[in-house]
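Subject: Structure handover

Dear colleague,

Here is the structure for you to take over. My notes on what was found follow below.

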Amino acid sequence: MPQPDRLPGTPEFRIKLPQDGAEARGCLLTQFGGNGTNKFLLREGSLVTAEEWPGLGRHARRFRAELRADGALVDAPAAPGRPQDAPARWTVTRDIECNSSSAAAALVYGYDASGPESWRTAEGHPLGDYLSTGWRAPRKAWLVRGSNVSGHNLVRRLWLEEGFVSLAGAHLPQLEEADPTKSALRRFVEEGYEGAASYHQKQGLVDELHAFLTQMRVGDTVATIGDGRLHIGRITGEAVQTTSPGGLSNLRRSVTWRADSHAYDELPGELRQKLSVQHDVVDLTGVLDALDGLTGQVDSTDETEVAETLERPTLKELTLPEINGVLAAGLLVHDRAWLEEMRELLLDEKQMVFYGPPGTGKTYLAMELAEYFGGGPEQVKIVQFHPSYAYEDFFEGFRPVEDPETREVAFRLTAGPLRELADLASREGNRHVPHFLIIDEINRANLARVFGELYFLLEYRRKSVRLTYSGDDFGLPPNLFVIGTMNTADRSIALVDAAMRRRFAFVELSPRTEPTAGLLARWLKREGRDLEPARLLDALNARIEDADFAIGPSYLMKPGVYRDGGLERTWRTKILPLLEEHHYGEGIDVAARYGLDALREQHP
């Protein structure tokens, strides 16, 4: 059987899987798949995830099952030092020919993904840089900035009056290719802008030129911002290269602009978040529906395209399920209004903190609410903060990863739990599904160090920021909610600063107030047990003067408490040590004051 031919001039590509740094490798082929793009060869020895996400397509599931059945995918042996809770991996036992790079990416990730973006060279360049423009959506939307080009407002002076959008492109040579690849544009930028732009500026310029020259099409929607207003139009011409005064607008596309405009401050939040991305050319296709909503009509003269647009499914609205009696009964919350308030707080604030003494069920309540509102545990991720926790652990950072073949160690950019959950929540089809991040013991870490620039996004959900390591423009998706827990009895942590209090809604869970106050009594009644432990706990907390050191009911809601001698043992080994610490150095006989015998004498 003849070996497939590698596409000339293209390097090997890789995908690094999150959490454990597992790597898949492959290359582009000269042959074309059924969708008109180059086939892709997944190399023997690659590692792929064994997990399949709900959004994985039917064909991809069948392909993975067939490869698994014929032995092309086998269980990967556990690598030395691999964590026990690390995700399961499969090893590729022979080269696998895939219909496209996206099909190969779906095979590796276990969910549908863009191959041109997912596969990267050793230098980090995406596979899409080495392809001519392939399939794309029938109509896309773009933001092109022109209100400050070397100090000139081209939107007001030229674009709206003469009907075009432009990029400077002053240092580019005359382009002979009508559809240049990104790798070709990179060479032109490296040569033409040598000494005129930094490395990162050149990277951004390549992306913007490639989008303007090859990704934009006649019929696409284009938007720009000028004098605090959003202007929307339709691209009517191909890209042309010309000369211009000062070299400010050498690359142009003709545009038919709408007569009306829209105040930036009155735009929908999702659209404003996209518009805040600081690039000269930004893909706005993800908010095309919002732009169409502003214009109030389908901006197309092509009947087929109109039909496709009209058939586009209605976007589902993000909401949280209503509180029902089953949830309230399961949580033993007698006042459903309290749970309704928690729901409203999450919808309004997006993030909240349950705070209170130990044993008040903060983490349990956070997990139960997150799973109920999110529709299951798949949409919930939990992390625990501690003093050495950092931004690199929480969001993304470079971590040492060993190559399974060469045994060499290299630092790879690895996603943390927040980045993973945000990417999952942002996927097409997931944007109406609530996703929850639970941060246990949120006050035990240096929050400014952990959140970094993301601290800003907690307050300004409609904005995006440039990330420290990857350089991506990132915004917290509106369907990502954060619930933190905080133990007020932990005296080793300084008081929470005002910046955090401004970003979170704080909800107290105290043994002295509902819904926690009567929780133990309700649980004992449900379990058919004597109410004495509830009376003793109330008597104990009445003797503790500092509310932050009151004892929560969860200590007495465990089966071991109700075996022979269990209550006395729990009191002696769990509750009294907490109070010993609280009164350390005060010379108080804790057992005599808070022991079971003393409390029973008071409340026989």
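Is isoleucine 544 buried or exposed? Isoleucine 544 is buried, because its relative accessible area is 1% (buried is under 20% relative accessible area, exposed over 50%, partly exposed in between, with a 1.4 Å probe and protein chains only).

Two notes on the source. This is a predicted model, in which local features need pLDDT of at least 70 and side-chain atom pairs count only at pLDDT 80 or more, while totals for chains, interfaces and linings use all residues. Residues are numbered from 1 along each chain as its sequence is written, and side-chain values use heavy atoms, with hydrogens and water left out.

Isoleucine 544 sits in the loop between helix H19 (532-543) and helix H20 (566-582) (helices, H or I, of at least four residues and strands, E, of at least two are DSSP runs numbered from the N terminus). Not counting residues up to four places away in sequence, isoleucine 544 touches Arg512, Phe549, Ala550, Ile551, Leu579 and Tyr594 (contact means heavy atoms within 4.5 Å).

Aromatic rings come next. A search of the whole structure gives 20 aromatic pairs (rings of Phe, Tyr and Trp, the last by its six-membered ring, pair if their centres lie within 6.5 Å; planes under 30 degrees apart are stacked, over 60 edge-to-face, the rest tilted). One of them is phenylalanine 13 with tyrosine 130, edge-to-face at 5.7 Å centre to centre and 70 degrees between the planes. Phenylalanine 13 is in strand S1 (residues 13-16) and tyrosine 130 in the loop between helix H3 (115-118) and strand S8 (141-144), so this pair ties together parts 117 residues apart in sequence. Phenylalanine 13 and tyrosine 130 are both buried.

Tyrosine 109 and tyrosine 111 form a stacked pair, 5.0 Å centre to centre with 10 degrees between the planes. Tyrosine 109 is buried at 15% relative accessible area, and tyrosine 111 counts as buried at 19%.

One aromatic cluster consists of Phe385, Tyr389, Phe394, Phe451 and Tyr455. Over the face of tyrosine 455 lies arginine 503, at 4.5 Å from the ring centre (a charge sits over a ring if NZ of Lys or CZ of Arg is within 6 Å of the ring centre and within 35 degrees of the ring normal). Likewise, arginine 253 lies over the face of phenylalanine 212, at 5.9 Å from the ring centre.

Regards
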